[in-house]
Amino acid sequence: MNQHITTTTMTTTESYEDYNHTAFDYENYEELCTKHDIRRFASVFLPVFYSVTFVLGIAGNSSVVAIYAYYKKIKTKTDVYLLNLAVADLLLLFTLPFWAVDASIGWQFGHAMCKITSALYTVNFSSGMQFLACISLDRYFAVLRVSTHQNFKRRCLAICLFVWTTSALLSIPDLQFSDIKEHNGKHTCLPTYPKESVRQVTAFIQILETVCCFVIPFIIMLFCYSSMAKVLIKTPNIKRFRSLKVLLAVVGIFLITQLPYNAIKFWRAIDIVYVLITSCQASKTIDLMMQVTSSMALFHCCLNPLLYAYMGTTFKTYVAKTVKKVGSWRRPRSESAEEYAMYSDKHVEETNSFSI
């Protein structure tokens, strides 16, 4: 969770969005705005939310990984991206029990785990957003009938390596600066940046994360899916309406879960530099909104299996087979019928898992 300074002089504000994001060391600042009510809300809301998200997310994403591992062959780049997305979501979800304990009673797991857990959160949240953009690009090329079969494995490896590397670079500040600090009567895991540059570094990191984890993926998704929608509208197909609804659902849910959090995060980054919030009540409101919107953004990892993997009819077939063969690890002998991207009458790049 974050701490933040606002006022015409400098007023401490405290935020509990998630402990692994940017934070200040306030030992040299006078606390003028007390937020016991915000802390109490966070100590109850965040552990409950993290627990629910953990259970739902593990169930959905682990089933995606299991089906790819035991039943379904990886045939397209979308399959590769879906598998990587599920892995990233799982690794992100595995950090939630730590943050739930941290929000409730404080950090109990030592300095090393503080750094590792903070870095893992950033790596997997960032990579998840980037793989969503990769999926949209792959489906866009499929609809345009641009062949991507040449050097399939090499290109996939290069793209996935780029995504994971970029995400790892974004986690370096967490790995470097995350530490256990005593705050409000308990120990918490949070990044503590050098006092002489705390404002500039914090604002820069927040803006960088917003650009890399929201702005760029959203621009790519918006361009690809809007172009795909134009193709669908011109294509006479009885399943066109369903495909358009899927596109709208993917973009709409991405905006609903990610836009509020990133908008507030960007606003706070600007406030760090220009001190725009001067009211204690306004600061409390922003802190509360940050808790709720960051939780919404995190919940997207529970929706990814439903939005991407399970929307493909053949993938749902594998899910049904898995349910019927609980306790059995035999691969099915019969292959599902081929499914065409965007439900188009014309053959485009094959995909057995993602229909848009």
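Which residues does the UniProt annotation "transmembrane region" cover? According to that unreviewed entry, the annotation covers residues 48–71, 80–101, 121–144, 156–173, 203–225, 246–264 and 297–315. UniProt positions are given here in the numbering of this chain, with feature names shortened, and such annotations may be inferred rather than shown by experiment. The structure itself is a predicted model, in which local features need pLDDT of at least 70 and side-chain atom pairs count only at pLDDT 80 or more, while totals for chains, interfaces and linings use all residues. Residues are numbered from 1 along each chain as its sequence is written, and side-chain values use heavy atoms, leaving out hydrogens and water.

**Overall picture**
- The protein chain has 10 helices and four strands; these are DSSP runs numbered from the N terminus, with helices being H or I of at least four residues and strands E of at least two.
- Reading from the N terminus, the order of elements is β-β-α-α-α-α-α-α-β-β-α-α-α-α.
- Of the 356 residues in the protein chain, 53% are buried (buried means under 20% relative accessible area, exposed over 50%, and partly exposed in between, with a 1.4 Å probe and protein chains only).
- Among contacts (heavy atoms within 4.5 Å) with a separation of 6 or more, 74% come from residues 24 or more positions apart.
- The protein chain exposes about 16,000 Å², and carbon and sulfur atoms supply 68% of that area; accessible areas come from the Shrake-Rupley method with a 1.4 Å probe, and for residues only the protein chains shown count as cover.

**Two of the annotated spans**
- Residues 80–101 are 91% helix and 0% strand, with their end C-alpha atoms 34 Å apart.
- Residues 203–225 are 100% helix and 0% strand, and here the end C-alpha atoms lie 31 Å apart.

**Salt bridges**
- There are four salt bridges in the structure, each being a side-chain nitrogen of Lys or Arg within 4 Å of a carboxyl oxygen of Asp or Glu.
- One of them joins Asp-37 to Lys-284, with the closest N and O atoms 3.9 Å apart.
- That pair links distant parts of the chain, 247 residues apart: Asp-37 sits in helix α1 (residues 36–70) and Lys-284 in helix α9 (residues 280–309).
- Asp-37 is partly exposed at 36% relative accessible area, whereas Lys-284 counts as buried at 17%.
- Asp-287 forms a salt bridge with Arg-268, where the closest N and O atoms are 3.7 Å apart.
- Asp-287 lies in helix α9 and Arg-268 in helix α8 (residues 240–274), so this pair ties together parts 19 residues apart in sequence.
- Both partners are buried, Asp-287 at 1% relative accessible area and Arg-268 at 2%.
- Arg-139 and Asp-138 also meet in a salt bridge, at 2.9 Å from N to O.
- Arg-139 is buried at 0% relative accessible area, and Asp-138 is buried at 2%.

**A nonpolar surface patch**
- Val-44, Val-48, Val-52 and Leu-56 form a nonpolar patch on the surface, together giving about 350 Å² of accessible area.
- Patches are made of residues with over 30% relative accessible area and no salt bridge, with like charges joined within 9 Å and nonpolar side chains (Val, Leu, Ile, Met, Phe, Trp, Tyr) within 5 Å.
- Leu-56 lies in helix α1 and is partly exposed, with a relative accessible area of 45%.

- Strands β3 (residues 178–183) and β4 (residues 186–191) run antiparallel and are joined by six bridges; two strands pair if DSSP finds at least two bridges between them.
- Asp-179 stands opposite Leu-190 in β4.
- Two residues separate β3 and β4 in this hairpin, and Asn-184 in the turn has a positive phi of about 55°.
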